[in-house]
Structures are given as structure tokens and as C-alpha cells.
Amino acid sequence: MGKRYWEVDAIRGFALFSMIAYHVAACMVIFHMLIEDEAFFSIYNSIWLTSGAFVFISGTALVLRYARKNGDLR
């Protein structure tokens, strides 16, 4: 079994935390706990960072898994 890369785990943790925060904020708006104003949308519309992290981490995980399966990485 190969060693884990802490960088991949850190990005995965960041993406998970961001996804949870994004969905909690959406639920708070639905239940009228937060007001949808300009300051809220400036933070809320930063979903591109979270979705980009998920795309990046999935691509990286696929490449690492493929390389380990073929014996290129130890």
C-alpha cells in the first residue's frame, strides 16, 4: 500500500468544508435565517472555487490511482 499525499487530503478537506458551508448557507436562506443582500451573494457566489477544487481533486486522484495500479508510483 502506498503512502498518502497530505496535499490531496488537504484539498479534499477544504472542498468538503466549503461544500458543507455552501449548503448550510443555502438552507439558512430558505428558512429565512439569512438575508440575501449584496454582501451575502459576494461570498455565496464563490462556488466556482469549491467546484474547481472537486474537479481538481477527482482528476488528481484518478491519475494517482492509475499510476499506482501500473506500478509507476510506489
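**Fold and nonpolar core of the chain**

In this predicted model, the secondary structure of the chain consists of three helices and zero strands, and the elements follow one another from the N terminus in the order α-α-α. The radius of gyration of the chain is 17 Å, which is well over the 11 Å that the globule rule gives for 74 residues, so the chain is more spread out than a compact globule. Along its principal axes, the C-alpha trace spans about 55 × 20 × 15 Å.

Of the 74 residues of the chain, 18% count as buried, and the chain exposes about 6100 Å², of which carbon and sulfur atoms supply 70%. Among the contacts in the chain with a separation of 6 or more, 68% are accounted for by residues 24 or more positions apart. As for charge, the chain carries 7 positive and 6 negative side chains, with the centres of the two sets lying 24 Å apart.

In soluble globular proteins, nonpolar side chains tend to be buried together. The largest nonpolar core of this chain has five residues, namely Ala25, Ala26, Val29, Phe40 and Tyr44. Both α1 (6-30) and α2 (38-44) supply at least two residues of this core, and α1 gives the most to it, with three residues.

How values were computed: Residues are numbered from 1 along each chain as its sequence is written. This is a predicted model: local features need pLDDT of at least 70, side-chain atom pairs count only at pLDDT 80 or more; totals for chains, interfaces and linings use all residues. Side-chain values use heavy atoms; hydrogens and water are left out. Helices (H or I, at least four residues) and strands (E, at least two) are DSSP runs, numbered from the N terminus. The radius of gyration is taken over C-alpha atoms; the globule rule is 2.2 Å times the number of residues to the power 0.38. Buried means under 20% relative accessible area, exposed over 50%, partly exposed in between (1.4 Å probe, protein chains only). Contact means heavy atoms within 4.5 Å. Accessible areas come from the Shrake-Rupley method with a 1.4 Å probe; for residues, only the protein chains shown count as cover. Lys and Arg count as positive and Asp and Glu as negative; His and the chain ends are not counted. The place of a charge is taken as NZ of Lys, CZ of Arg, CG of Asp or CD of Glu. A nonpolar core is a set of buried Ala, Val, Leu, Ile, Met, Phe, Trp, Tyr and Cys residues joined through side-chain atoms within 4.5 Å.
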